[in-house]
Amino acid sequence: MIIDGKKEAAALREEIKKEISLIKKKTNKIPELAVILVGDFLPSQIYVRNKEKNAKEVGINSSVIRYSKDITEKEILKKINELNNDDKISGILVQLPLPNQINKEQIINSIHPSKDVDGFNPENVGKLASGYHAIVPCTPLGCLLLLKRIEKNLSGKHAVILGRSNLNGKPMAQLLLKENCTVTITHSRTKNLKEECLKGDIIIAAVGVANLVKKDWVKDGSIVIDVGINKMGEKIVGDVDFNEVKNIAKAITPVPGGVGPMTIACLLKNTLECFKARLT
Ligand code: NAP
């Protein structure tokens, strides 16, 4: 089975849109997402444009604050402080990467945890790791929602995660532990990666190495979620050799059209959650 991330994301956006419309009727309020974009890095411009478009479609008011690449850290911190104290703002997102003169950690840490729609603030990271309710990074959240469409109960499954980044691998592991999976986290120093992968009822590939996972790395009937986005000539491919693995896996996400659309839909979901938390 090929997991249609576009379709799942459209369904999630529809749910979000309905909920926002209901809340608007009752309160006359809508969520507002502030996006900070620094510099003219083309992929960031494209991501932000897509996020803005998707936000508008579901009824989230989205504004993009643009800075040139020579902006100082102090100026961005001042803006974040303003946004933190602005009651109308439900969520704040700083598009990464940032130029070298800006300390990414300082910026992330300065976003108020209740408006941290990316789930990168240490308070949210710590809550997730402790098993509390937290704002969860959008990509792993999207992966979990896709997995649960295939298999409602993940308890007892062996999940093998390729990659240990703060963005993907680590929060993914926390989410799957919460689902009572047995979790193996692998990385660039892991010995016998293929043997580790072969243990997985679930494989989450988030390494950024094109077509790394081959058919003989995957056991029959596994669910394979491919987070990778890699350029191969003119083509975008994942971390999994899709054409080979699709015949072995029970279900697999394609690249593009798998995890990517869910990531943006989960950003909207997180924005709605932050908005609702401020209403109560
Ligand atoms: P990252 O920060 O570069 O982390 C990559 C991880 O993979 C690291 O833990 C690294 O190990 C590990 N790794 C690298 N090469 C490996 C190898 N040959 N064997 C085993 N492990 C290896 O990357 P990221 O930000 O997590 O992103 C991963 C991929 O997901 C990228 O292709 C990125 O573009 C994509 N992505 C997609 C979405 C989406 O919405 N679909 C969102 C975000 C990212 P070490 O820790 O040992 O270095």
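Student: Is K276 buried, partly exposed or exposed?

Tutor: This is a predicted model, so every value here is computed from it. Buried means under 20% relative accessible area and exposed means over 50%. K276 has a relative accessible area of 24%, and therefore counts as partly exposed.

Student: Which residue forms a salt bridge with K276, with the closest N and O atoms 2.5 Å apart?

Tutor: Side chains of opposite charge can pair when their charged atoms come close. A salt bridge needs a side-chain nitrogen of Lys or Arg within 4 Å of a carboxyl oxygen of Asp or Glu. For K276, with the closest N and O atoms 2.5 Å apart, the partner is E19.

Student: How many residues apart in sequence are the parts that E19 and K276 tie together?

Tutor: E19 lies in helix 1. K276 lies in helix 10, so the pair ties together parts whose separation in sequence is 257 residues.

Student: Is E19 buried, partly exposed or exposed?

Tutor: The limits are again 20% and 50% relative accessible area, with partly exposed in between. The relative accessibility of E19 is 29%, so E19 counts as partly exposed.

Student: In which helix do K79 and E82 both lie?

Tutor: K79 forms a salt bridge with E82, with 2.9 Å between the closest N and O atoms. The two residues are 3 residues apart, about one turn of the helix. The helix in which both lie spans residues 73–84 and is helix 3.

Student: What is the relative accessible area of E82?

Tutor: K79, its salt-bridge partner, is partly exposed at 21%. E82 is partly exposed too, and its relative accessible area is 42%.

Student: Is K88 buried, partly exposed or exposed?

Tutor: The side chains of K88 and D86 meet in a salt bridge, 3.9 Å from N to O. D86 has a relative accessible area of 25%, which makes D86 partly exposed. K88 has 55% relative accessibility, and the cut-off for exposed is over 50%. K88 therefore counts as exposed.

Student: Which residues are joined into one network with E19 by salt bridges that share partners?

Tutor: A search of the whole structure finds 15 salt bridges. Where salt bridges share partners, they join residues into a network, and the residues joined with E19 in this way are E273 and K276.

Student: Are helix 6 and helix 10 roughly parallel or roughly perpendicular to each other?

Tutor: Helix 6 covers residues 138–150 and helix 10 covers residues 259–279. Their axes are 8 Å apart and the packing angle is about 110 degrees. Angles of 65 to 115 degrees count as roughly perpendicular. Helix 6 and helix 10 are therefore roughly perpendicular.

Student: How many residues of the contact of helix 6 with helix 10 are nonpolar?

Tutor: Helix 6 contributes residues including L141, L145 and L146, and helix 10 contributes residues including V259, M262 and L267. The residues of this contact also include 4 polar and 1 charged, and the nonpolar count is 9.

Student: What distance separates the centres of domain 1 and domain 2?

Tutor: Domain 1 runs over 27–113 and domain 2 over 138–260. Taken over C-alpha atoms, their centres are separated by 29 Å.

Student: Is N211 buried or exposed?

Tutor: N211 lies in the loop between strand 6 (202–205) and strand 7 (223–226). Its phi is near 55 degrees, a positive value in a residue other than glycine. The relative accessibility of N211 is 17%, so N211 counts as buried.

Technical notes: Residues are numbered from 1 along each chain as its sequence is written. This is a predicted model: local features need pLDDT of at least 70, side-chain atom pairs count only at pLDDT 80 or more; totals for chains, interfaces and linings use all residues. Side-chain values use heavy atoms; hydrogens and water are left out. Axes are lines fitted to C-alpha atoms, for helices over the stretch in contact, and angles run from 0 to 180 degrees between N-to-C directions. Helices (H or I, at least four residues) and strands (E, at least two) are DSSP runs, numbered from the N terminus. Angles under 35 degrees count as roughly parallel, over 145 as roughly antiparallel, 65 to 115 as roughly perpendicular and the rest as oblique. Contact means heavy atoms within 4.5 Å. Ala, Val, Leu, Ile, Met, Phe, Trp, Tyr, Cys and Pro count as nonpolar, Asp, Glu, Lys and Arg as charged, and the others, Gly among them, as polar. Domain bounds come from an automatic or database domain assignment. Buried means under 20% relative accessible area, exposed over 50%, partly exposed in between (1.4 Å probe, protein chains only).
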